[in-house]
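Visitor: I'm new to this one and would like to learn how to read it. Could you walk me through some features, one at a time?

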Amino acid sequence: MATGTASSGSASPPGGSSALKGAALKGDWLSRLRGPWLAVAMFGVVCAYGTLGFVLIEGWSFWDAFYMTVTTITTVGFKEVHPLSRAGEGFTVTVILAGVGTAFYTFTLLATVVVDGGIHARIERRRRQRMLDDLKDHFIVCGYGRIGAIIVEELRRQRVPYVVIERDRERVLAAMEAGGLAVEADASSEDVLTRLGIARARGFIAAVGTDAENVYAVLTARVLRPDLYIIGRAETEDAERKLMRAGANRVVSPYRIGARELAQTALRPAVVDFFQLATRSGNLELAIEQVAIGGGSPLAGRSIIDVNVRQRYGLIVVGIQRTSGKMEFNPPGDAVMQAGDQLVVLGRTDGLRELEAAAAQPAV
């Protein structure tokens with residue numbers, strides 16, 4: 001109500017909008033004259049002044065007059081093109097006084113623009129584009145707010161390649177200063193996602209600030225890559241349903257997860273401590289990982305006890321996620337591992353790496 005009253009009370013006069021636009025255009029025109037454009041214009045005026053003066057005073061040809069002007073204001077030091085009259089010598093003095101400072105100012109300013117704003121910027125853009133072209137098996141993270149920054153930090157700790165899409169320029173610069181790749185763009189743009197290598201991506205994480213943007217981003221990514229693994233962030237239950245319909249494989253609500261962890265910490269602190277220890281990326285002693293059984297792996301078609309996972313690799317199989325999506329918790333030793341299954345295992349990182357290698361390598 002207050003806003004509407006203030007707006008009606010301060011109505012602009014007729015033509016006020018046009019006057020403001022005219023002032024803005026004038027200010028923009030003046031700003032363009034500053035810096036290198038003004039220096040180039042001044043240099044051109046001095047060259048025209050000297051050329052015209054030598055033509056009128058000495059009667060030289062246009063080329064001779066222009067050549068004499070350039071060699072004079074650049075202090076090259078060549079001799080005169082033709083002998084000068086007394087009037088010509090006096091005019092040459094004015095050309096020197098007007099032109100030498102202008103020439104040095106122009107060349108210095110142009111060199112600064114080329115080095116600081118031109119070549120360096122182009123080289124940096126090309127370097128980033130090459131890095132984007134070389135990305136593969138990476139995650140595309142949409143949004144670099146509080147949630148996005150934590151996601152990126154976790155990916156960086158585990159040395160997983162990623163690229164950030166963010167509309168806010170300050171956040172883009174912050175992501176780049178943290179050592180990652182980031183672009184200032186709309187996450188729901190097909191051209192942008194194509195340029196960021198969505199065809200080669202490992203996954204897509206929509207963690208923008210609003211549910212609507214996340215839905216559009218997930219929908220665009222799903223259209224471009226029907227087989228891509230997509231995770232969406234949701235603030236409300238309605239957004240969770242919409243994200244699933246848009247094509248997200250998983251939907252995560254940070255508030256719901258945070259509330260559940262608070263409750264679990266209050267009720268079962270030892271259990272929470274154990275899982276935090278097992279899932280913390282900085283922990284080198286213990287980790288929980290998922291291991292995919294490859295189609296040609298020697299582990300496919302064999303039971304847990306036949307592979308001797310516990311004794312050979314020092315790992316505990318916590319669960320098996322079947323290709324159908326069903327999760328078998330605490331599977332018995334005679335549970336058979338099939339190609340495409342995902343093993344959820346707990347143990348030391350060196351044993352996990354050995355099991356991953358065995359699960360991925362083809363059978364001899």
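Visitor: Let's start with the rings. Which residues do ring pairs link into a cluster?

Guide: In this predicted model, Tyr49, Phe54, Trp60 and Phe91 are linked into a cluster by ring pairs. The whole structure has five aromatic pairs. In one of them, phenylalanine 54 and tryptophan 60 are stacked, with 5.3 Å from centre to centre and 10° between the planes. Both phenylalanine 54 and tryptophan 60 are buried.

Visitor: And how do phenylalanine 54 and phenylalanine 91 meet: what kind of pair is that?

Guide: Their planes stand at 90° and their centres are 5.2 Å apart, so this pair is edge-to-face. The pair ties together distant parts of the chain, since phenylalanine 54 sits in helix α3 (residues 36-58) and phenylalanine 91 in helix α5 (residues 86-134), 37 residues apart. Relative accessibility is 0% for phenylalanine 54, which counts as buried. Phenylalanine 91 counts as buried too, at 9%.

Visitor: Staying with α3, where would I look for threonine 51, and is it buried or exposed?

Guide: Look in helix α3. Threonine 51 is buried, because its relative accessible area is 6%, under the 20% cut-off. A polar atom of the threonine 51 side chain lies 2.8 Å from the backbone oxygen of cysteine 47. Leaving aside residues up to four places away in sequence, threonine 51 touches Phe62, Ala65, Phe66 and Thr69.

Visitor: What does isoleucine 140 touch, not counting residues up to four places away in sequence?

Guide: Isoleucine 140 touches Val163, Ile165, Leu193, Leu196, Ile198, Ala201, Gly203, Phe204 and Ile205.

Visitor: How do I read the ends of a helix? What caps the N-terminal end of α7?

Guide: Aspartate 168 does that for helix α7 (residues 169-177): one of its side-chain oxygens lies 3.0 Å from the backbone nitrogen of glutamate 170. After α7 comes glycine 179, which has a positive phi, near 100°.

Visitor: On to charges. How many salt bridges does a search of the whole structure find?

Guide: Side chains of opposite charge can pair when their charged atoms come close. The search finds 14 salt bridges here. In one of them, glutamate 240 pairs with arginine 256, and the closest N and O atoms are 3.6 Å apart. This bridge links distant parts of the chain: glutamate 240 is in helix α10 and arginine 256 in helix α11 (residues 254-267), 16 residues apart. Glutamate 240 counts as buried at 18% relative accessibility, whereas arginine 256 is partly exposed at 32%.

Visitor: What about arginine 322 and glutamate 328?

Guide: Their side chains meet in a salt bridge, 3.1 Å from N to O. Arginine 322 counts as buried at 16% relative accessibility, while glutamate 328 counts as partly exposed at 24%.

Visitor: Which helix holds arginine 353 and glutamate 356?

Guide: Here's the idea: an α-helix has 3.6 residues a turn, so residues three or four places apart point the same way. Arginine 353 and glutamate 356 are three residues apart in helix α15 (residues 349-360), so about one helical turn separates them. They form a salt bridge, with the closest N and O atoms 3.0 Å apart. Arginine 353 is partly exposed, with a relative accessible area of 40%, and glutamate 356 counts as partly exposed at 27%. Elsewhere, salt bridges with shared partners join Arg167, Asp186 and Glu213 into one network.

Visitor: Last one: what is the mean pLDDT of the protein?

Guide: The mean pLDDT is 81, and 82% of the residues reach 70 or more. Over residues 1-33 the pLDDT is below 50, and this stretch has two contacts in the model beyond near neighbours in sequence.

Terms used
Residues are numbered from 1 along each chain as its sequence is written. This is a predicted model: local features need pLDDT of at least 70, side-chain atom pairs count only at pLDDT 80 or more; totals for chains, interfaces and linings use all residues. Side-chain values use heavy atoms; hydrogens and water are left out. pLDDT is the predictor's confidence in each residue, from 0 to 100. Contact means heavy atoms within 4.5 Å. A polar contact is a pair of N or O atoms within 3.5 Å; within protein, one must be able to donate a hydrogen and the other to accept it, and residues adjacent in sequence count only if both atoms are side-chain atoms. Helices (H or I, at least four residues) and strands (E, at least two) are DSSP runs, numbered from the N terminus. A salt bridge is a side-chain nitrogen of Lys or Arg within 4 Å of a carboxyl oxygen of Asp or Glu. Buried means under 20% relative accessible area, exposed over 50%, partly exposed in between (1.4 Å probe, protein chains only). Rings of Phe, Tyr and Trp (its six-membered ring) pair if their centres lie within 6.5 Å; planes under 30 degrees apart count as stacked, over 60 as edge-to-face and the rest as tilted.
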